[in-house]
Amino acid sequence: MKHNGTLIKEDNNYKKKSKTLYIESYGCQMNFSDSEIVASILKKKGITTTKDISTADLVFVNTCSIREKAEQTVRKRLEFYNSIKRDQNPKMIVGVLGCMAERLKAKFLEEEKLVDIVVGPDAYRDLPNLIKEVEDGKKAVNVILSLEETYAEINPVRLGGNGVTAFVSITRGCDNMCSFCVVPFTRGRERSRNPQIIIKECKKLFDNGYREVTLLGQNVDSYLWFGGKAKKEFKNANQYEKNNKIVFSKLLELVAQINPLLRVRFSTSNPQDMGIDVIDTISKYNNICNYIHLPVQSGSNRILKLMNRGYTKEKYINLIDNIKRKIPDCAISMDMIIGFCSETNNDHDETLSLMEYVKYDFGYMFKYSERPNTPAARLKDDISDQIKQERLSEIIDKQQMHSLGHMKDKIGKTFEVLIEGISKKSSTNYYGRTTHNSTVIFEKDHHKIGEYVMVKINDCTSATLKGKVI
Ligand code: SAH
Ligand code: F3S
């Protein structure tokens, strides 16, 4: 008899449990979303997820290669799995998934004896076969990258979510080739997912009580769908333009039209591809959140060129001006890389002055970390760690000041907040976010998770708002 994926023989003398999977994810949101795809692929084979590593049959880690530190974190986790395997769970099968698997390929098996499976981001459908190979006593590797794979029809198993907010992937891979970035090598060429399937997935989430979707891609603005046809299949350019062409702003609009109660977010926008059409669409729909994550990486044109970012400081500022003009109440955040090859004090000052101009609401700031085989690895990583650290601290301080300023501006005002869950610090409080992506903490009262409430802000730190439902 099959019962929740567990095979139980009626006479009870013999019980055979179905296999269980423990999966951890590191790195970007896309990795978290991919782990849900993996869980879905394995669920079809009767494998269910567990939070208990000491009894899991499969222990998978979805890895990130973006900076050396991210890889070190994964190595530490593997040491931890090793200790569990030795002391508590000798039969567990260990799999390394994602970007580090793709970067290191079979080398992983030599470096980390404990690892049984190495699987890259485009090969997850092969996991049932790879598991079988390991059960037959072999080690298994599949790191083939694909030009088509989007896992389009796979309905992700929502892992550990709050039942209110979900990630929906819309593109995979990246064709941009920023010189510092390992992603084009680990995630392969860019592909867009079928829009009808994206809409269907979002509708289903809404019907199941979800109230926010975040559309995910390395570079959402280059989303492009031609009704599944390639450009060369069209006889002339006109026909090709008219024929079912869906660009990102159109997709955003279609998702926003599902229901006004479904909040829509997206990540990540790339300054070289973000068009006015996207800004117009955000301003047209109330349920598309007024928040744009727009990584800049540097304020110096010389460095931007070395990074192969495809825009200048002036073009970026023009985009920011357009956003602020068309969506006056729009929060903007950035990613910044500090201490890129040959960065001078002058370049650093240009970064500071750009920050001063934009006054970002949030920022994610990193020391440059050279990644093997990227174009920038041919340049000299010549900024000492001490200088990188000094410049980073300066930039973080500035950002904190700006973040705090934006938070303080919100005191006394009232915002619509989607309730996402119970506050980690106090069980009598809820947390949720404003359209600007600011986290708000407030008393639970009689409200429920998944509801929208109006919250009047009365206090803040640089990271959170506090308020009262009115
Ligand atoms: N377009 C992607 C970018 C992924 S990487 C997106 O969806 O966000 C996220 C951020 O990591 C980048 O914007 C960049 O600021 C940082 N980063 C990438 N490569 C890096 C490197 N080699 N060293 C330091 N930071 C890096
Ligand atoms: Fe990386 Fe640039 Fe693409 S940062 S993910 S190569 S847009």
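Domain bounds in this description come from an automatic or database domain assignment. The structure is a predicted model, in which local features need pLDDT of at least 70 and side-chain atom pairs count only at pLDDT 80 or more, while totals for chains, interfaces and linings use all residues. Residues are numbered from 1 along each chain as its sequence is written, chains are lettered from A and ligands numbered from 1 in the order in which they are written, and side-chain values use heavy atoms, with hydrogens and water left out.

The protein chain is divided into domain 1 (2–142), domain 2 (178–289), domain 3 (300–307 + 327–409) and domain 4 (414–469). Between the C-alpha centres of domain 1 and domain 4 the distance is 36 Å.

Ligand 1 is surrounded by 14 residues, where a surrounding residue has a heavy atom within 4 Å of the molecule. The closest are Gln218, Thr268, Gln297, Asp335 and Ser369. Polar contacts are pairs of N or O atoms within 3.5 Å; within protein, one atom must be able to donate a hydrogen and the other to accept it, and residues adjacent in sequence count only if both atoms are side-chain atoms. A backbone N or O atom of glutamine 218 lies 2.6 Å from a nitrogen atom of ligand 1. Taken alone, ligand 1 exposes 540 Å², of which the protein buries 86%; accessible areas come from the Shrake-Rupley method with a 1.4 Å probe, and for residues only the protein chains shown count as cover. Strand S18 (331–338) and strand S19 (362–367) are the elements that give two or more residues to this shell. Helices (H or I, at least four residues) and strands (E, at least two) are DSSP runs, numbered from the N terminus. Domain 2 and domain 3 each supply at least three residues to the shell around ligand 1.

By class, the shell around ligand 1 has 5 nonpolar, 5 polar and 4 charged residues. Here Ala, Val, Leu, Ile, Met, Phe, Trp, Tyr, Cys and Pro count as nonpolar, Asp, Glu, Lys and Arg as charged, and the others, Gly among them, as polar. The shell around ligand 2 divides into 7 nonpolar, 3 polar and 1 charged. Among the residues around ligand 2 are Cys174, Cys178, Cys181, Gln218 and Arg309.

Arginine 193 lies in the loop between strand S12 (191–192) and helix H7 (195–207). This residue counts as buried because its relative accessibility is 4%, buried being under 20%, exposed over 50% and partly exposed in between (1.4 Å probe, protein chains only). The side chain of arginine 193 reaches the backbone oxygen of alanine 152 at 2.8 Å. Beyond its neighbours within four places in sequence, arginine 193 is in contact (heavy atoms within 4.5 Å) with residues including Thr150, Ala152, Glu201 and Trp225.

Leucine 379, in the loop between S19 and helix H14 (385–409), is partly exposed because its relative accessibility is 29%. With neighbours within four places in sequence left aside, its contacts are Leu306, Phe340, Cys341 and Glu370. Leucine 379 and leucine 306 are 73 residues apart along the chain, and their C-alpha atoms are separated by 9.2 Å.

Serine 427 lies in the loop between strand S20 (414–422) and strand S21 (429–433). With a relative accessible area of 54%, serine 427 is exposed.
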